[in-house]
Every structure is written in structure tokens, then in C-alpha cells.
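Open the model in your viewer and keep the sequence panel beside it. We will go from stop to stop, with something to select at each one.

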Amino acid sequence: MKKQWTISLKLKLFTSLLSILIALFLMLFSFDVFLDGGSTAFERLLGFIIHSIPTWSILTSVAIAWKYPQFGAWVFIVIGSVLSYIVFNANANNPDIWLIFLIIPLPVFGISALYFTINRLEKINK
């Protein structure tokens, strides 16, 4: 039997793709550890692993949210809130803080809204 490409499934694929793109974007920031010239190889590797924690948490959340979209919605609200806190505290005196907010935490809140929509569509279609 051929799989039906419902709106819910298309939206789930789109949301998962966006989530993975956000995770890859955040992973780029992990590579700044290797620019530090005064660290040993072990310290750099440890720093890379620590800086990659947000990426792995997002990828794990995407995997779980495929089966349970409501979980994904709430987790992405938490991730967006944590990223907002980090952005606003790290850039308190930066006049471009709103641009940084638009680039990093706001898409995560949008992904959360998409997961809420997927959850609602799946409940309607049952």
C-alpha cells in the first residue's frame, strides 16, 4: 500500500528539516574552540563536546518529536527560552541584540509552533 502524503506528514518533514538546520547552524559555533591557540588537544576536544550539547539536544528532541509532536513543541519552547536567556545576557550592551534574537531563538519558537500544529492535526485526523 502506498503511503499517503498527508498535510501532517509533510509538515512533520518540513519541521524536522528546519530543526536539523538549526542544529547544524548551532554546531558551527562549536568549532570556535579550535581557534584557541593556548589549549591542548584534549582541552579543545572537551570544549568542542561541551559546545555541541545544544546541537545534540536538538537532534535528540527531533528524533523523539517524530513520534510525539507535543513533546517536541514543549522542548523547543524550553530550548528557545534558554537560547533567549543566553543571547540577552551575552549581548546586553549590543545595539543589534534584536537582530541576534531574530537569527537564533526566534526560529526555535517557530519550530515549536509548527510542532503544536502537527500535534493538533494528528488529533483531528484520528
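**The whole chain**

Keep in mind that this is a predicted model. Colour the chain by secondary structure. The protein chain has 6 helices and 0 strands. Read along the sequence, the pattern is α-α-α-α-α-α. Now turn the view. The C-alpha trace spans about 60 × 35 × 20 Å along its principal axes. The chain has 126 residues, and 33% of them count as buried.

**Stop 1: the salt bridge**

How many salt bridges does the count come to? The count comes to 1 salt bridge. Select Glu 122 and Lys 12, whose side chains form a salt bridge at 2.7 Å, N to O. This pair links distant parts of the chain. Glu 122 sits in helix 6, Lys 12 in helix 1 (residues 7-28), and the two are 110 residues apart.

Glu 122 has a relative accessible area of 21%, so Glu 122 counts as partly exposed. Lys 12 has a relative accessible area of 9%, so Lys 12 counts as buried. The cut-off for buried is under 20%.

**Stop 2: from Lys 12 to Trp 66**

Lys 12 belongs to helix 1. In sequence, Lys 12 and Trp 66 are 54 residues apart. In space, their C-alpha atoms are 7.2 Å apart.

**Stop 3: two long stretches**

Thr 40 is in the loop between helix 1 and helix 2 (41-51). Its relative accessible area is 44%, so Thr 40 is partly exposed.

Now draw a distance from Asn 119 to Ile 97. These residues are 22 residues apart in sequence, and 32 Å apart from C-alpha to C-alpha. Asn 119 lies in helix 6. Is Asn 119 buried or exposed? Asn 119 counts as buried because its relative accessibility is 13%.

**Stop 4**

What lies 2.8 Å from a polar atom of the Ser 84 side chain? The backbone oxygen of Gly 80 does. Ser 84 counts as buried, because its relative accessibility is 10%.

**Stop 4: the nonpolar patch**

Show the surface now. Select Phe 25, Leu 28, Phe 29, Phe 31, Phe 34, Leu 99, Leu 102, Ile 103 and Leu 106. Together they form a nonpolar patch on the surface, with about 850 Å² of accessible area. Helix 1 and helix 5 (97-103) are the elements that give two or more residues to the patch.

Which helix gives the most to the nonpolar patch? Helix 5 does, with 3 residues. Leu 99 lies in helix 5. Click on Leu 99 to find that part of the patch.

**Stop 5: the positive patch**

Stay on the surface for the last stop. Select Lys 67, Arg 120, Lys 123 and Lys 126, which form a positive surface patch. Then pick out Lys 126. Lys 126 is in the segment after helix 6 (105-125). Its relative accessibility is 86%, so Lys 126 counts as exposed. The cut-off for exposed is over 50%.

**Looking back**

Start with the salt bridge between Glu 122 and Lys 12. Move to the nonpolar patch, where Phe 25 is one of the residues. End at the positive patch, which includes Arg 120.

Terms used:
Residues numbered from 1 in each chain as written. Predicted model: local features only at pLDDT ≥ 70, side-chain atom pairs only at ≥ 80, totals over all residues. Heavy atoms only, no water. Patch = residues over 30% accessible without salt bridge, like charges linked within 9 Å, V, L, I, M, F, W, Y side chains within 5 Å. Areas by Shrake-Rupley, 256 points an atom, 1.4 Å probe, with all protein chains shown as cover. Salt bridge = Lys/Arg side-chain N within 4 Å of Asp/Glu carboxyl O. Lys, Arg positive; Asp, Glu negative; His and termini not counted. Charge placed at Lys NZ, Arg CZ, Asp CG, Glu CD. Helix = DSSP H or I, 4+ residues; strand = E, 2+ residues; numbered from the N terminus. Buried < 20%, exposed > 50% of the residue type's maximum accessible area, 1.4 Å probe, protein only. Polar contact = N/O pair within 3.5 Å; in protein donor to acceptor, adjacent residues only side chain to side chain.
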